[in-house]
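Hello,

Here is the structure for you to look over. My notes on it follow.

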Amino acid sequence: MAKLLITGGAGFIGRHSALVLLEAGHELLVFDDFSNSSPVALQRVCELAGPEAAPRLRQIQGDIRNRQDLEKCFTNDQSGIDAVIHFAGLKAVGESLKKPLEY
């Protein structure tokens, strides 16, 4: 099975994808800043996937716009990532008009 990095993995689409990928036997590293989600969402994914899947889900809190945060995913014991699934992003249209540089 593959070792996958999921950016935005605690968001709606990310956590549903994580559940399916865990059920398929993959090892996941979820990278999220939890600005639009919560670590509790990933706990629920582990509960749904079953106790044997929990050790295959790891999480790192960080922002993909921050180079140092992102490097944590690709260094030290995080090496060996086979693929990246990118779901991270800001999604509020009204806020994007008020804060365009953040988007």
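Helix 1 (12–23) and helix 2 (residues 39–49) are roughly parallel to each other, because their axes cross at roughly 30° and angles under 35 degrees count as roughly parallel. The two axes come within 10 Å; axes are lines fitted to C-alpha atoms, for helices over the stretch in contact, with angles from 0 to 180 degrees between N-to-C directions. The crossing of helix 1 past helix 2 is right-handed, meaning that the near helix is turned clockwise from the far one by less than a right angle. Helices (H or I, at least four residues) and strands (E, at least two) are DSSP runs, numbered from the N terminus.

This is a predicted model, in which local features need pLDDT of at least 70 and side-chain atom pairs pLDDT 80 or more, while totals for chains, interfaces and linings use all residues. Residues are numbered from 1 along each chain as its sequence is written, and side-chain values use heavy atoms, without hydrogens and water.

The 4 strands of an open sheet are ordered 3-2-1-4 with parallel pairing (two strands pair if DSSP finds at least two bridges between them). Strand 3 (57–61) and strand 4 (83–86) are at the edges with a single partner strand each, so one side of each has no neighbour in the sheet. From one strand to the next, the twist averages 20°. Strand 2 (residues 27–32) runs parallel to strand 3 and is joined to it by 5 bridges; Phe31 has Ile60 of strand 3 as its bridge partner.

Regards

Conventions. Parallel < 35°, antiparallel > 145°, perpendicular 65-115°, else oblique.
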